[in-house]
Amino acid sequence: MTIRLTGQTPDTDTYLSLRAAGGLSSYDRDAADIGLKNSLHSVMLFDKDRPIGMGRLVGDGGCFVQVTDVVVHPDYQGRGLGKEIMSALTAFIETRLPPSVYVSLIADVPANHLYEQFGFRETAPRSVGMARRGR
């Protein structure tokens, strides 16, 4: 097994496929096209030429950034690859963004334990995450 991490944004098919494989919610293809083009920073994991994981940062790059789309294909989970993705995203945050940037994420349980290793803490009860869909 030859796993390598690259700083690149997945194409739409890969993005939708990895999200589905990892049990994340789906998006319309048009929405994924728009979102991917507006990524602040993305990383991907490959086993040879097979895409097996990804993670993205979205936001304005100055005041607010969100960690999103962190997923490892189920065939490769439990090998520390999620940590590798988060290490790469964290390195970008710490070296390329202003020190005052507010970095947030919505954590699926039990992935919250992964994010805690990178300094993320629950904000409740001071604040709570809220979300909605466009329509």
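So, going along the sequence, the protein chain runs β-α-α-β-β-β-α-β-α, which comes to four helices and five strands. Those are DSSP runs, with helices being H or I of at least four residues and strands E of at least two, numbered from the N terminus. The radius of gyration is 15 Å, close to the 14 Å that the globule rule gives for 135 residues, so the chain is as compact as a globular protein of that length. That radius is over C-alpha atoms, and the rule is 2.2 Å times the number of residues to the power 0.38.

Before I go on, this is a predicted model: local features need pLDDT of at least 70, side-chain atom pairs count only at pLDDT 80 or more, and totals for chains, interfaces and linings use all residues. Residues are numbered from 1 along each chain as its sequence is written, and side-chain values use heavy atoms, with hydrogens and water left out.

Of the 135 residues, 38% are buried. Buried is under 20% relative accessible area, exposed is over 50%, and partly exposed is in between, with a 1.4 Å probe and protein chains only. As for contacts between residues at least 6 apart in sequence, 62% join residues at least 24 apart; a contact is heavy atoms within 4.5 Å.

Now the charges. How many salt bridges does the structure hold? Five, counting a side-chain nitrogen of Lys or Arg within 4 Å of a carboxyl oxygen of Asp or Glu.

Take R4 and D49, at 3.8 Å, N to O. R4 sits in strand β1 (residues 3–6) and D49 in the loop between β2 (41–47) and β3 (50–59), 45 residues apart. R4 is partly exposed at 36% relative accessible area, while D49 is exposed at 67%.

Then there's D13 with R29, at 2.2 Å, N to O. This pair links helix α1 (residues 12–21), where D13 is, to helix α2 (residues 29–37), where R29 is, 16 residues apart. D13 is partly exposed at 49%, and R29 is partly exposed too, at 40%.

R50 pairs with D75, closest N and O atoms 3.5 Å apart. R50 is in strand β3 and D75 in the loop between β4 (64–72) and α3 (81–96), so they tie together parts 25 residues apart in sequence.
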